[in-house]
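This report examines a single protein chain. Please consult the sequence and the coordinates alongside the text.

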Amino acid sequence: MQTSIPCVLMRGGTSKGPFFLASDLPSDPAVRDRVLLAAMGSPDNRQIDGVGGADPLTSKVAIVGPPTRADCDVDYLFAQVVVDEAVVDVSPNCGNMLAGIGGFAIEHGFIAAEDGETVVRIHMVNSGDRAIARIPTPGREVEYEGDARIDGVPGTSAPIMIDVEDTAGSFCGALLPTGNPVDVIDGIECTLMDNGMPVVAMRAADLDRTGYETRDELNADTELKERIESIRLKAGHLMNLGDVTDMVTPKMFLLAKPKDGGALCTRSFIPKVAHASVGVLAAVTIATACVIPGTTADGLATVPEGSRKMIKLEHPTGDFAVEIEISGPVDDPKIERAALLRTARKLFEGKILIPGRVWDGKGAALESATA
């Protein structure tokens with residue numbers, strides 16, 4: 001016998017994965033993780049026995065439930081299911097999947113839709129932070145069609161504006177967990193920073209690379225990936241994350257001067273596979289590094305004038321724009337706000353099937369608690 005679990009397959013930003021109600025999954029985290037591995041088809045390079053897309057960007061899960069913060073409308077727990085390992089990591093956030101949470105929450109009755117636009121306050125359980133998503137809801141219905149375009153996604157969709165709040169030090173305890181804009185690891189200058197996503201940012205030139213390599217070139221560069229992983233493991237301890245061997249954080253970035261009109265050129269790894277674009281909250285952290293003096297981005301980035309700055313980060317499939325608002329002196333700025341444009345689309349809704357030997361469906365309702 002197989003166990004059926006209600007889910008909605010959604011694209012959020014440049015990522016994709018199943019969205020589940022927390023009430024439809026086992027309450028025991030260990031059993032829940034086994035269910036997610038079976039659902040996605042991990043560990044297997046092709047994820048052939050599940051719905052995963054054989055890529056870190058399409059091996060993601062969103063788990064949604066009632067809010068546990070009084071100032072939020074919904075809880076969102078993100079899970080990164082590793083493609084080729086039996087690992088489910090709930091330590092990071094995912095700002096791309098975050099783009100789908102508002103629409104999912106409205107359609108599942110967590111918040112009533114307004115006519116025109118609905119503001120959804122989202123508790124990002126992984127870090128404890130809050131995000132504010134503005135969802136187009138003409139006629140009190142979630143709108144997925146529109147003219148907004150983001151690089152890494154073909155066509156256009158309805159725009160979703162997201163503000164992230166007070167994310168500095170969400171995972172590491174401080175924006176600069178070591179107190180330094182630059183630390184040296186394995187002889188390489190690195191900026192260790194956390195503004196919603198722990199990140200290690202290195203100048204590509206310091207690793208004898210241009211920073212303009214294609215994703216395929218980076219994934220084939222075994223020597224580079226081994227050096228980056230060595231740095232990542234050491235950085236984990238310096239960033240108060242401990243042993244990150246089985247974690248997908250910190251995210252690793254190579255930086256170079258912009259070449260297509262942006263503020264900075266980036267190449268990122270999540271954590272051992274080159275990213276086709278750039279993660280949302282990682283982009284917020286890298287954009288922050290662009291305005292902090294002394295970081296590895298300082299001297300490479302072209303930063304606009306003024307307290308409100310639109311910082312475009314170039315990546316392998318285009319660019320990602322982050323609006324940063326700062327205050328205070330130039331040599332010690334404070335990040336007041338970060339906002340970004342994303343899109344999302346519901347792709348499929350139904351029930352996912354997993355082997356009954358993994359979970360027999362007991363311990364949680366198989367019907368939606370909000371249905």
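The sections below treat model confidence, the nonpolar cores, the cysteines and one aspartate.

## Basis and confidence

The model is predicted, so local features require a pLDDT of at least 70 and side-chain atom pairs count only at pLDDT 80 or more, whereas totals for chains, interfaces and linings use all residues. Residues are numbered from 1 along each chain as its sequence is written, and side-chain values use heavy atoms, with hydrogens and water left out.

The average pLDDT (the predictor's confidence in each residue, from 0 to 100) of the protein chain is 95, and 98% of the residues score at least 70. Over residues 365-371, pLDDT remains under 50. For this segment the model has 17 contacts (heavy atoms within 4.5 Å) beyond four places in sequence. Where pLDDT is low, predicted coordinates should not be read in detail.

## Nonpolar cores

A nonpolar core is a set of buried Ala, Val, Leu, Ile, Met, Phe, Trp, Tyr and Cys residues joined through side-chain atoms within 4.5 Å. Buried denotes under 20% relative accessible area, exposed over 50%, and partly exposed in between (1.4 Å probe, protein chains only). The largest core holds 64 residues, of which Tyr76, Ile162 and Leu264 touch the most other members. Helix H5 (residues 280-291) contributes the most to this core, with ten residues; helices (H or I, at least four residues) and strands (E, at least two) are DSSP runs numbered from the N terminus.

Beyond its neighbours within four places in sequence, Tyr76 has contacts that include Ala62, Ile63, Met97, Leu98, Ile122 and Val125. A second, separate core comprises 23 residues, among them Phe171, Cys190, Met239 and Met252.

## Cysteines

The number of disulfides (pairs of cysteine sulfur atoms within 2.5 Å) is zero. Cys72 is buried, at 4% relative accessible area; its sulfur lies 18 Å from the closest cysteine sulfur, in Cys94, which is too far for a bond. Cys265 is likewise buried, at 2% relative accessibility, and the closest cysteine sulfur to its own, in Cys290, is 11 Å away, too far for a bond.

Asp151 lies in the loop between strand S7 (129-137) and strand S8 (160-165). Its relative accessible area is 14%, so Asp151 counts as buried.

The side chains of Asp151 and Arg149 form a polar contact of 2.5 Å. A polar contact is a pair of N or O atoms within 3.5 Å; within protein, one must be able to donate a hydrogen and the other to accept it, and residues adjacent in sequence count only if both atoms are side-chain atoms. The Asp151 side chain also reaches the backbone nitrogen of Asp319 at 2.6 Å. Not counting residues up to four places away in sequence, Asp151 touches Thr14, His315, Thr317, Gly318 and Asp319.
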